[in-house]
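Biologist: Hi! Could you walk me through the salt bridges and the nonpolar surface of this model?

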Amino acid sequence: MSARKKVPPPIPVVGASGGAGDPSREEQLRQWEESQRQAREQQAAATAPVTAVLPVQASAPAAVEPERAAETAAAPAAAVVVREVPGYLEMPAFTTPESEDPGERLEFYSRGILAVQYAARANHERAEQQRLIGLGLRLRAMKEEELHKVAGFNTFGEMTDARFGIKKHQANNILRVMPVAQALEDITTQELKERPLRVLVPILETHGAEAVRETWQEAARHGNVIDKTLVQAANFLGYAPPKEVDQAPEKREPEKLSVPSASESLKAVERIRALAETDLERARREAEQLESAVRELLEELAGNLER
């Protein structure tokens, strides 16, 4: 065996006994990230820093007509902005053990497999976290600028559904919890799911980002972070909104029984039916809009039941 082959440094491994609820998992990940960061800084000390903006030069082929070549040369170069997000683990490189003992070689390769699985799982969670933030920032910008009108859509939800496969209620949920995810990305690398983050939305609005981070860390001390543990942590820290005390109901005169009126949904159907007698095309459009809204509501209700 060659004496120049490297032996990988020990990596914190989440084995079969550990899981998403292992309270030591995030601390292991932080320690590993810190050691990797220090190693990268030492390695990059003698090299020049890489610029955050990488120009992409567009050059015309030799066979292109002179007019098109001139247009290409006159066009400004595109710029790709690279934002480094800490928290990703470098995939362990493959190395061979120095020992010739079969048992030790098996143990060496086994540790490598567990290390690769750990890095892949950690990077997947970090990527899902950043996906939530990346989608939220862009959806918020398009909604605030009302760019659905430029694209020819009547509503923001119609555009997100048609162009990106994101239903209106899904887009609204992302927009609601995205600021919470931004407040947490510096203290955790794990995946941030939309449902538990809803608990932290009123805390962010009332007490700010630092209160959100304190609540998350308090919940993480007790294991897996879910909506229930976040509520408990918020109550303990005093960040939970106060419960409204029901006042004694006032005595009222008994109301006379009345014949129940038709529901609002049936009234909408009857209104469209009456409209069809005078303007069939308009009635058809309104019926289609009502059908789309009902279908979207049913999907949202089904999604809430599955959670």
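Modeller: Happy to! This is a predicted model, where local features need pLDDT of at least 70, side-chain atom pairs count only at pLDDT 80 or more, and totals for chains, interfaces and linings use all residues. Residues are numbered from 1 along each chain as its sequence is written, and side-chain values use heavy atoms, with hydrogens and water left out.

Biologist: How many salt bridges does the structure hold?

Modeller: A salt bridge here is a side-chain nitrogen of Lys or Arg within 4 Å of a carboxyl oxygen of Asp or Glu. By that rule, the total for the structure is 13.

Biologist: Which helix holds both Glu-107 and Arg-111?

Modeller: The side chains of these two, Glu-107 and Arg-111, form a salt bridge at 4.0 Å, N to O. Glu-107 is partly exposed at 43% relative accessible area, and Arg-111 is partly exposed at 46%; the classes are buried under 20%, exposed over 50% and partly exposed in between, using a 1.4 Å probe and protein chains only. Helices are DSSP runs of H or I with at least four residues, numbered from the N terminus. Glu-107 and Arg-111 sit four residues apart, about one turn, in helix H3 (residues 102-144).

Biologist: Is Glu-218 buried or exposed?

Modeller: Glu-218 pairs with Arg-221 in a salt bridge, with the closest N and O atoms 2.9 Å apart. Arg-221 counts as exposed, because its relative accessibility is 55%. Glu-218 has a relative accessible area of 13%, so Glu-218 is buried.

Biologist: How far apart are the closest N and O atoms of Glu-288 and Arg-284?

Modeller: Because they are four residues apart in helix H11, about one helical turn separates Glu-288 and Arg-284. Glu-288 is partly exposed at 41%, and Arg-284 is partly exposed at 37%. Elsewhere, salt bridges with shared partners join Arg-271, Arg-282 and Glu-286 into one network. For the salt bridge between Glu-288 and Arg-284, the closest N and O atoms lie at 2.5 Å.

Biologist: Which helix gives the largest share of the nonpolar patch?

Modeller: Patch residues have over 30% relative accessible area and no salt bridge, with nonpolar side chains (Val, Leu, Ile, Met, Phe, Trp, Tyr) joined within 5 Å and like charges within 9 Å. The patch covers about 490 Å² and is made by Val-269, Leu-290, Val-294, Leu-297, Leu-298 and Leu-301. Leu-298, for one, is exposed at 55%. Five of the patch residues come from the helix you asked for, H11 (residues 280-306).

Key. Areas by Shrake-Rupley, 256 points an atom, 1.4 Å probe, with all protein chains shown as cover. Helix = DSSP H or I, 4+ residues; strand = E, 2+ residues; numbered from the N terminus.
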